[in-house]
Amino acid sequence: MWQRAKASRWACILQGKSNILKTTGNAGFVLFRVCEDTVEQGFCGDRMGRKGQEGNRMADYIVKATAANAQIRAFAITSRDTVEYAREAHNLSPVVTAALGRLMTGGVMMGSMLKSEKDLLTLQIIGRGPVHGLTVTADADGHVKGYADCPQAMMPPNSAGKLDVGGVIGKGSLTVIKDMGLKEPYSSTVALQTGEIGDDLTYYFAASEQVPSVVALGVLMDRNNTVKQAGGFILQLMPFTEESVIGALEKKLAAMAPVTAMLEEGKSPEQILESVLGDLGVEFTDRMPVAFYCNCSKERVEKVLISLGKKELQELIDEGKAVELNCHFCNTDYTFTIEELKEIQRARGR
């Protein structure tokens with residue numbers, strides 16, 4: 001009870017500050033027909049991550065820390081380039097950029113909590129608003145990718161004149177899936193509290209993991225609809241946290257400026273945590289780079305075609321047109337000519 005009440009209290013303090021197409025059955029890819037002379041091959045993998053970092057004043061990264069003699073653990077991030085890459089790759093509207101950007105920012109911090117480099121975290125939001133849904137996947141090494149079901153969804157500004165992230169998402173649910181190499185992935189679903197992402201992740205930690213937490217996330221758009229700032233932080237209380245420490249932290253949070261305002265002032269993730277936890281003796285324990293990274297490739301996508309079965313693959317060949325598969329996560333298109341489809345079919349028979 002205390003944990004849930006505390007999480008709710010913190011969410012209130014932070015509110016407003018975190019300012020076929022035919023599916024193939026293989027998650028993340030869509031299959032459709034194209035004319036052979038109209039397709040441009042995209043790129044992804046490690047090149048995508050590096051491209052997302054070019055020309056940035058402060059490369060995206062996460063810092064980890066503890067405070068108050070390890071009674072608090074903390075994570076902070078600057079994620080401008082990562083969010084801007086997603087905006088450009090998916091041609092996102094400003095409000096969807098803010099929504100997906102917040103979820104990616106929170107997701108990559110949560111991914112950094114995973115124990116093994118093989119572990120994967122997936123965050124899925126399903127809402128009744130115009131964007132319909134958001135999906136983000138992150139690993140323990142600072143890699144994150146994501147997409148929106150309706151990337152160009154629009155929504156009027158909220159009553160405060162800001163991007164209405166809660167409105168574009170609407171009422172719905174948040175599902176957290178952790179694939180840690182066990183027999184079955186861990187999965188937990190909670191109702192969205194506000195749709196503002198930060199509040200919803202705060203509630204998830206309290207309701208599903210029983211960890212009192214604060215999640216503050218923000219994406220600031222520029223006048224030309226590119227991403228000007230993006231980042232956030234997560235604070236979590238250990239079970240032995242003293243009431244005096246909790247009280248001091250709550251006072252700090254109540255007087256705290258929005259995350260994007262601090263980033264706009266030029267504050268680094270370290271400085272953001274210093275401003276919140278400095279009086280409690282913050283100690284930094286790790287720093288890791290962050291990048292939008294998708295591990296799709298033509299070889300991996302070929303397995304989707306193989307999974308169609310001999311009969312379905314032959315039907316595609318008989319239609320006499322090239323086939324294109326699109327990766328939802330990075331919006332990269334992969335084209336297979338008729339000759340390539342025939343070779344896949346021949347390989348199946350060997």
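Strands β10 (residues 213-221) and β11 are paired antiparallel through 9 bridges, where strands count as paired if DSSP finds at least two bridges between them. Helices (H or I, at least four residues) and strands (E, at least two) are taken as DSSP runs and numbered from the N terminus. The structure is a predicted model, in which local features need pLDDT of at least 70 and side-chain atom pairs count only at pLDDT 80 or more, whereas totals for chains, interfaces and linings use all residues. Residues are numbered from 1 along each chain as its sequence is written, and side-chain values use heavy atoms, with hydrogens and water left out.

Strand β11 (residues 227-237) is largely enclosed by the rest of the structure, because 10 of its 11 residues are buried; buried means under 20% relative accessible area, exposed over 50%, and partly exposed in between (1.4 Å probe, protein chains only).

These strands belong to an open sheet of 5 strands with antiparallel pairing, in the order β10-β11-β4-β3-β12. At its edges stand β10 and β12 (283-289), each with a single partner strand, so one side of each is left without a neighbour in the sheet. From one strand to the next, the twist averages 10°; axes are lines fitted to C-alpha atoms, for helices over the stretch in contact, and angles run from 0 to 180 degrees between N-to-C directions. Helix α6 (residues 198-208) packs on this sheet, touching β10 and β11, and its direction makes about 160° with that of β10. Contact here means heavy atoms within 4.5 Å. Helix α7 (residues 243-254) packs on the sheet as well, where it touches β4, β10 and β11, and its direction makes about 165° with that of β11. Helix α6 is mostly covered, with 10 of its 11 residues buried, including Leu201, Tyr204 and Phe205. Gln210, which follows α6, has a positive phi near 55°.

A further open sheet has 6 strands with mixed pairing, in the order β9-β8-β5-β6-β7-β13. Its edges are formed by β9 (186-191) and β13 (291-292), each with a single partner strand, so one side of each lacks a neighbour in the sheet. Strands β7 and β13 run parallel and are joined by 2 bridges, and Val144 has Phe292 of β13 as its bridge partner. Helix α4 packs on this sheet, touching β5, β6, β7, β8 (172-179) and β13, and its direction makes about 30° with that of β6.

Helix α4 (residues 94-111) also packs against helix α3 (residues 80-90), at an angle of about 135° and with the axes 10 Å apart. This makes α3 oblique to α4, given that angles under 35 degrees count as roughly parallel, over 145 as roughly antiparallel, 65 to 115 as roughly perpendicular and the rest as oblique. In the contact, Thr82, Val83, Ala86 and Arg87 of α3 meet Thr97, Leu100, Gly101, Met104 and Thr105 of α4. These residues divide into 4 nonpolar, 4 polar and 1 charged, where Ala, Val, Leu, Ile, Met, Phe, Trp, Tyr, Cys and Pro count as nonpolar, Asp, Glu, Lys and Arg as charged, and the others, Gly among them, as polar.

Several loop residues were also examined. Most residues other than glycine have a negative phi. His132, which is not a glycine, has a positive phi of about 70° and is found in the loop between β5 (120-127) and β6 (133-139). With a relative accessible area of 43%, His132 is partly exposed. Asn331, likewise not a glycine, has a positive phi of about 65° and lies in the loop between β14 (323-327) and β15 (333-336). Its relative accessibility of 36% places Asn331 among the partly exposed residues. Pro151 lies in the loop between β7 (143-148) and α5 (165-169) and is partly exposed, at 26% relative accessible area. Leaving aside residues up to four places away in sequence, Pro151 touches His90, Asn91, Leu92, Ser93 and Val96.
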